[in-house]
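Reader: I would like to learn how to read domain contacts and helix packing. Please show me the model first.

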Amino acid sequence: MHPLFGTFALTALPAGATAFRQQVKAFMQDHLSALPPDVRARSWMGFDAGFSRALAKRGWVGITLPAQYGGAGLDAFSRFVLVEELLACGAPVSAHWIADRQSGPLILRYGNDTQRAFYLPRICRGEAFFCIGMSEPNAGSDLASVATRAVPLPDGGWRLNGRKIWTTNADRCHFMLALVRTSGETGDRQKGLSQVIVDLSLPGVTVRPIHDLAGDAHFSEVSFDDVQLPADALIGQEGAGWEQVNAELAFERSGPERLYSSVVLLDAWMAALRRLPAVQRDVVTIGRIMGQLATLRAMSLAVTARLAAGESPLVEAALVKDLGTGLEQSIGALAEAALGDLADLAADADLYRTAAYVSQISPTYSLRGGTREILRGMIARGLGLR
């Protein structure tokens with residue numbers, strides 16, 4: 001057996017995280033109104049600043065950040081529980097999602113004292129929402145071909161020019177954590193890349209929303225035309241952006257959010273099946289889904305344990321993300337097939353609308369957080385196959 005697979009050690013949630021789940025459930029009962037499943041299925045993309053700030057008042061935005069910055073100072077297992085409950089309920093998490101999951105931890109790890117003191121309390125109060133500036137037009141998933149450039153200025157600041165695309169919630173966020181080129185040329189690949197924080201209200205920043213098949217506009221194209229950034233826009237070391245962005249992607253790919261994008265549909269499907277005669281309940285299909293979900297959840301918990309230990313399990317996170325995405329997409333396809341086979345299921349309007357939404361949005365599951373092809377290349381390298 002390859003040593004990689006030994007890193008997925010069976011991990012149980014600590015007692016503290018298990019007890020924390022009850023607090024989260026109580027909060028959800030008090031703060032989430034009754035919504036139909038097709039609305040709750042938009043959880044990942046549901047933008048509700050008020051809900052995010054209510055979470056923040058409990059210390060649950062920036063939940064793993066230190067108390068000195070306004071965070072709850074809890075461990076990665078508590079965040080795992082929080083995310084599970086949020087997605088299971090279909091809570092609108094999109095406003096604070098990226099700042100909580102990756103921008104905040106990255107600033108804590110690589111930022112200086114001034115940057116931590118400025119950004120982290122605002123993240124923890126639900127006052128600073130972040131988007132990610134990685135993908136670019138004509139670059140696909142090849143992050144190393146970044147062409148957006150930040151040129152150093154005589155006063156110590158930076159002049160930023162370029163474009164980012166498929167940027168989630170850029171039209172409603174306050175800041176972007178962007179991967180840019182600060183030296184060299186595009187052909188230099190990983191060399192010369194850095195990360196900068198861009199205040200999206202600055203002159204020269206233009207945000208154009210992109211409408212998707214489901215009629216939503218979560219993505220945007222962002223243009224930078226001679227945007228003047230202060231000296232402290234640079235996060236971490238100049239030229240160390242590739243290492244930093246890979247650490248950020250480990251946070252992005254490792255959690256239960258990579259398993260539960262279709263969980264509201266799965267719950268609605270099972271609820272509808274329970275209303276049918278026993279002979280019409282496809283227990284075999286549901287059993288297979290639940291078996292895969294249980295296995296992938298155990299793998300995700302193992303990755304969480306590695307993160308809690310201060311490690312950066314890039315390959316393991318990529319493996320869980322790729323397999324989890326496959327499961328999430330299969331739930332939509334299997335539910336659609338079931339609706340086609342059983343007229344009684346298709347007559348359930350809520351289930352039908354939920355399945356229709358997931359069918360439209362699920363192709364994006366294998367794009368966000370790294371395409372399937374990129375992830376499999378990483379996994380192959382981790383296994384020594386390329």
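Reader: How many residues of domain 1 are in contact with domain 2, and how many of domain 2 with domain 1?

Author: First, the ground rules. This is a predicted model, so local features need pLDDT of at least 70, side-chain atom pairs count only at pLDDT 80 or more, and totals for chains, interfaces and linings use all residues. Residues are numbered from 1 along each chain as its sequence is written, and side-chain values use heavy atoms, with hydrogens and water left out. Now the contact: 16 residues of domain 1 touch 17 residues of domain 2 (contact means heavy atoms within 4.5 Å).

Reader: Where do the domains run?

Author: Domain 1 spans 3-128, domain 2 spans 131-238 and domain 3 spans 253-383. The bounds come from an automatic or database domain assignment. The C-alpha centres of domain 1 and domain 2 are 25 Å apart.

Reader: What area is buried between domain 1 and domain 2?

Author: The size of an interface is often given as the accessible area lost when the parts come together. Here it is about 1500 Å², with 65% from carbon and sulfur atoms (1.4 Å probe, summed over both parts).

Reader: How are two packed helices described?

Author: By the angle between their axes and the distance between the axes. Take helix α1 (residues 15-31) and helix α4 (residues 76-89): their axes come within 9 Å and cross at roughly 35 degrees. Axes are lines fitted to C-alpha atoms over the stretch in contact, with angles from 0 to 180 degrees between N-to-C directions. Helices are DSSP runs (H or I, at least four residues), numbered from the N terminus.

Reader: Which residues of α1 and α4 meet?

Author: Among them are F20, V24 and M28 in α1, and F77, V81 and L82 in α4.

How values were computed: Helices (H or I, at least four residues) and strands (E, at least two) are DSSP runs, numbered from the N terminus. Buried area is the accessible area (1.4 Å probe) that two parts lose on being put together, summed over both.
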